[in-house]
Amino acid sequence: MLKGKRILLGVTGSIAAYKSVWLVRSLVKEGAEVKVIMTPSATDFITPLTLSVVSGNPVYLKPYNPDTGEWHSHIDLGFWADIFLIGPATANTIGKMAHGVADNLLLTTYLSARCPVMVAPAMDVDMFRSKPHQDNLKILAERNCIILNSPEGDLASGLTGEGRFLEPEEIIYELKNYFARFPEKKTKIAGKKILITAGPTFEPIDPVRYIGNHSSGKMGVALAEKAVQMGAEVVLILGPTSVKPVPGKIEVIHVTTAEEMYKAAKTHFPVTDIAIMAAAVADFTPTETFNRKVKRGKEDLVLRLKPTRDIAAMLGKQKHTNQLIVGFALESNDEIENARKKLVRKNLDFIVLNSLNDDQAGFGYDTNKITILDKSGNQKEYPLKSKSEVAGDILSYLQEQI
Ligand code: CTP
């Protein structure tokens with residue numbers, strides 16, 4: 001499972017740093033390629049020489065080699081790695097990561113890493129439980145870092161409690177689990193850049209109210225996860241939803257309004273091979289937003305709405321011959337006819353139709369029932385399936401178009 005995987009290990013100044021020697025040795029035995037970055041204080045606990053010998057690679061300590069002046073690019077290390085594992089990670093490094101401090105090579109590499117980041121904390125129990133540290137962990141988790149468990153146990157301080165650095169075999173188990181979720185398959189979309197919009201958009205009326213819809217974002221997130229499993233590079237532009245994509249390989253851009261979604265899509269589309277427009281974008285937004293909460297009164301409140309920009313249609317206009325766009329249509333009547341009109345109007349390659357008349361399908365459900373209509377006039381109906389299976393069907397159809 002770890003054979004040929006490129007693992008960048010970041011070691012920080014914790015007494016548990018000695019365990020990283022065994023961790024590196026075990027990873028190499030599993031067939032992984034390992035490179036190590038150490039923070040300056042990590043070198044107080046173990047020597048770079050030890051980790052360089054067990055990894056078979058030079059250890060990175062500074063942004064440059066002080067003897068030759070050779071620059072060690074933090075960007076290159078992040079590009080090279082399949083995963084950046086930071087462990088043992090001290091409260092200090094975790095705090096700096098959470099707040100964008102970039103005063104050593106490990107931190108600059110973290111800030112510019114495009115690969116998934118896994119963090120294995122190690123510290124004393126009270127430090128671990130402290131509010132600032134717990135807040136910092138939350139910030140990192142929100143930014144899609146995979147935070148490993150710090151189980152209870154005997155600590156170097158003599159105390160017993162949480163904060164223990166996982167044993168090397170436990171970390172290897174977590175890495176294998178991670179890579180099992182993202183198996184590399186040779187598919188036609190492997191290596192393709194896919195842009196996915198998902199979820200609803202909220203259009204603010206005043207600081208507490210908005211116009212929204214019932215989209216959960218589940219279908220778009222399922223598509224993003226499936227596409228990553230199939231080897232694609234995914235940028236997910238996600239409206240406000242409680243659904244959380246599995247942390248790691250998906251680049252998630254959180255947006256709230258249709259205008260924000262439009263801007264993010266416009267920025268990313270030029271470098272995109274395939275765009276999948278699964279978002280339920282609000283069609284109208286208030287012409288003006290009140291700065292203060294609108295107070296209840298005796299009179300009717302009239303809200304004036306203006307149409308939002310049609311993101312799919314805008315991308316359809318810009319589309320080059322080597323780009324594909326997939327749209328969605330949710331219809332309540334004359335479904336096929338309406339979906340075909342949208343396909344043409346927005347210059348899509350195919351459209352995924354959901355009917356509001358199907359039970360257990362669409363907004364909020366974990367299942368969906370779709371019909372695909374393509375620009376060559378083909379039509380394919382699918383039975384009710386889980387959203388993850390539906391994502392697989394859509395991506396299989398997509399592969400036939402490439
Ligand atoms: N879409 C979009 N931007 C919008 C509205 C829709 O990108 N402002 C995309 C949706 O993500 C979907 C497709 O266009 O892929 C069709 O969305 P839908 O709401 O069904 O179509 P509309 O053009 O809004 O037409 P209507 O709501 O009137 O049926």
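I will go through the overall layout, the salt bridges, a pocket, a surface patch and some backbone details.

Ground rules first. This is a predicted model, where local features need pLDDT of at least 70, side-chain atom pairs count only at pLDDT 80 or more, and totals for chains, interfaces and linings use all residues. Residues are numbered from 1 along each chain as its sequence is written, and side-chain values use heavy atoms, with hydrogens and water left out.

Now the layout. The protein chain has 13 helices and 21 strands. Both are DSSP runs, numbered from the N terminus: helices are H or I with at least four residues, strands are E with at least two. Along its principal axes, the C-alpha trace spans about 70 × 55 × 45 Å. Of the 402 residues, 51% are buried. Buried means under 20% relative accessible area, exposed means over 50%, and partly exposed is in between, with a 1.4 Å probe and protein chains only.

Next, salt bridges. Side chains of opposite charge can pair when their charged atoms come close. The rule here is a side-chain nitrogen of Lys or Arg within 4 Å of a carboxyl oxygen of Asp or Glu. That rule gives 18 salt bridges.

Take Glu30 and Lys176. Their closest N and O atoms are 3.2 Å apart. This pair links distant parts of the chain, 146 residues apart: Glu30 is in the loop between helix H1 (19-29) and strand E2 (33-38), and Lys176 is in helix H8 (residues 168-181). Glu30 is partly exposed at 30% relative accessible area. Lys176 is partly exposed too, at 28%.

Now Lys319 and Asp349. Here the closest N and O atoms are 2.8 Å apart. Lys319 lies in the loop between helix H11 (311-318) and strand E16 (324-331), and Asp349 in the loop between helix H12 (335-345) and strand E17 (350-355), so the pair ties together parts that are 30 residues apart in sequence. Are these two buried or exposed? Lys319 counts as buried because its relative accessibility is 18%. Asp349 is buried as well, at 5%.

A local case sits in helix H12. Glu337 and Lys341 meet there in a salt bridge, 3.6 Å from N to O. They are 4 residues apart, about one turn of the helix. Glu337 is partly exposed at 48% relative accessibility. Lys341 is partly exposed, also with 48%. Then there is a network of salt bridges, which links Lys19, Arg164, Glu167 and Glu170.

On to the pocket. Rolling a probe the size of a water molecule over the atoms shows where empty space is left. On a 1 Å grid over the protein atoms alone, a pocket is an open set of points where a 1.4 Å probe fits, with protein on both sides within 12 Å along at least five of seven lines; lining residues have an atom within 4 Å of a point. The second largest pocket has a volume of about 980 Å³. Which of its 43 lining residues are closest to the centre? They are Ala279, Ala280, Val281, Phe328 and Leu330. E16 gives the most to this lining, with 5 residues. By class, the lining has 19 nonpolar, 15 polar and 9 charged residues.

Now the surface. Phe284, Leu301, Leu303 and Leu305 make a nonpolar patch of about 350 Å². Patch residues have over 30% relative accessible area and no salt bridge, and nonpolar side chains are joined within 5 Å. Leu301 is in the loop between strand E14 (284-286) and strand E15 (305-307). At 53% relative accessibility, Leu301 counts as exposed.

Last, the backbone. Most residues other than glycine have a negative phi, and most peptide bonds are trans. The Gly87 to Pro88 bond is cis, with omega near -5°. Pro88 is in strand E3 (residues 83-89). Asn144 has a positive phi, near 75°, and is in the loop between helix H7 (131-142) and strand E5 (146-147). Phi of Asn347 is positive as well, near 55°. Asn347 lies in the loop between H12 and E17, and is partly exposed at 35% relative accessibility.

That is the tour. Over to you.

Conventions
Patch = residues over 30% accessible without salt bridge, like charges linked within 9 Å, V, L, I, M, F, W, Y side chains within 5 Å. Areas by Shrake-Rupley, 256 points an atom, 1.4 Å probe, with all protein chains shown as cover. Points joined across faces, edges and corners; volume = space filled by probe spheres on them. Nonpolar A, V, L, I, M, F, W, Y, C, P; charged D, E, K, R; others polar.
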